[in-house]
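Hi,

Here is the structure I promised to pass on. My notes on it follow below.

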Amino acid sequence: MKKIIAYLWDYLLCDKIGRLNRILFRNRIERSKLINDNFTILSQNCIGAVMYHDLGKCFLSPTINIGFDPNEFITFLEDMEYYLNAPIKIISSEYSYPVGKLGEGEHQIITLHFVHYSDCQVALEKWNERKKRINRNNIFVVCQDANMSYETIQKFDNLKQFESKILFTAKEYKEFSSTVYLKNYKNKGYVDN
């Protein structure tokens, strides 16, 4: 019985109260502080969309509502201009959402998980529409350490073309300037969605 009550408290009530607090109060406060309002967020998962929603901003990024393997996300960032112009081939998969393969030839093929879409055509239209909106002079990159090796974290930190980047980690890395240690994930070993 205690486990059921704990579950209800943690996952239902606290989550709903947190969301309501964000919508009614915190988002208004954060929006009023916002000075920089024409920015692109490149993110490996849904965190970019959440940030845009919370701040009430237009999606200026093709990576919104798309999931990347973190290693492939780094590859995407390393050669972003190529991948933004590369073809996407929708493939069949076991997922309930569209999955695409990005790139061809000698470049590494990247898998795009269009997790918030049910229609392939809409997913591709949104990708193409949003990649045209990128503000190349004001890019923020957001990532998390799930399934990342030390070498991949190092590669992320070394992405010199992106001044404003952040990697949320479950372990403290004082040697990297772009990592932010989240203690709450220490026991889990990685930062999840």
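Starting with one side chain: tyrosine 83 is buried, at 1% relative accessibility (buried means under 20% relative accessible area, exposed over 50%, partly exposed in between, with a 1.4 Å probe and protein chains only). Bear in mind that this is a predicted model, where local features need pLDDT of at least 70, side-chain atom pairs count only at pLDDT 80 or more, and totals for chains, interfaces and linings use all residues. Residues are numbered from 1 along each chain as its sequence is written, and side-chain values use heavy atoms, leaving out hydrogens and water.

Phenylalanine 76 is buried too, at 0% relative accessibility. Its ring centre lies 6.3 Å from that of tyrosine 83 with the planes at 40°, so the pair is tilted (rings of Phe, Tyr and Trp, the last by its six-membered ring, pair if their centres lie within 6.5 Å; planes under 30 degrees apart are stacked, over 60 edge-to-face, the rest tilted). Both belong to one aromatic cluster, formed by Phe68, Phe73, Phe76, Tyr82, Tyr83 and Trp127.

Across the whole structure, the search gives 14 aromatic pairs. In one of them, tyrosine 52 and phenylalanine 59 have ring centres 5.5 Å apart and planes at 50°, so this pair is tilted. Tyrosine 52 is buried at 0% relative accessibility, and phenylalanine 59 is buried with a relative accessible area of 12%.

As for the chain overall, 40% of its 193 residues count as buried. Contacts (heavy atoms within 4.5 Å) with a separation of 6 or more come 50% from residues 24 or more positions apart.

Cheers
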